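Subject: Structure handover

Hello,

Here is the structure for your files. My notes follow below it.

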Amino acid sequence: MEGPINLVIAVSFGLLVPPRILKLAKYGGLNVHPSILPEFRGPAPLHHTLLRGRRTTGVTLQTLHPTRFDSGKTIDQTPYPGVEHGAETVEDLRDVLAPMGADMLVQSIRNYSFVPPIQQASESEAFRTPAVLTYASKVGPKNRHINWATWTATDILRRQKVIGPLWNTTEAQVSDGCGHRRVLKRIIWVQGFRHLEGECHLFPAIGHPIVVGLHGSVQKVYIRTCDGSILVADNVKIEGQIMIEASLAARRTGLVPISAKLGALRQSPHDFVAFHARLT
């Protein structure tokens, strides 16, 4: 870097600014963090705010710590409990908090709040007890793996909006030189789920999909959640295949214990058939 550096500014950076960089700056660095610290300290505060169903949040301005994330001196902060954001996606929440963070940063620079001795603001008293703190860890594939035993319909619908397509594994039928065999395959719910409209008189086991409508022209895949709701999956992608209609995918991969031919399905005495196994 050439020339003098007065201040390093990080906004939702996600990486630790090296101490050698901070030492080059006359006044160190400032960090704009999209949560009311110390709650949701970590690399993914926007995601975890939504995943936890928090309807209010805010921003924090603090100094950059040379060796730890989100551990500097708090210079300014949205008063608890924050503002009603009304967001359901990370993009929407970012659009709410970005102007707030920008205003807070500009005001601090104008007031020279970053110049020593720094007047440290008090972090929210609401999060003084460690038991109520949530660390905003990085979001990865494991966060998309549905646990049907514990995730409610609200949890599932919320997660698909916040972190994208969810997935499970189940035993699918494959054909090779040795004949037919069953292997674990990942099912990606690429278009997500929706609540079943109207009443359902079927009571499938939790997390055990059924194909419904065998005697009609349209078949749907229903899955019951742990809170008794029924979710509908329209299209899925089974590992190694393209995205297709969920009921068709079930027939093609032998997930239903009847011949893959639609005619055979329609000859079933019932209007539904369950997958071979629960989702894992």
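In what order do the four strands of the open sheet run? The order is E1-E2-E4-E5, with mixed pairing. Strands are DSSP E runs of at least two residues, helices are H or I runs of at least four, and both are numbered from the N terminus. Two strands pair if DSSP finds at least two bridges between them. Strand E1 (8-11) and strand E5 (74-77) are the edges, each pairing on one side only.

This is a predicted model: local features need pLDDT of at least 70, side-chain atom pairs count only at pLDDT 80 or more, and totals for chains, interfaces and linings use all residues. Residues are numbered from 1 along each chain as its sequence is written, and side-chain values use heavy atoms, with hydrogens and water left out.

E1 and strand E2 (residues 29-33) run parallel, joined by four bridges. Ala10 has Asn31 in E2 as its bridge partner.

Next, helix H3 (residues 90-110). H3 has 21 residues. Just after H3, Tyr112 takes a positive phi of about 55 degrees.

Last, the lining of the largest cavity. H5 (246-252) supplies at least two of its residues, as do strand E8 (179-189) and strand E13 (235-238). The largest share, three residues, comes from H5.

Best wishes

How values were computed
The expected span of a helix is 1.5 Å times one less than its number of residues.
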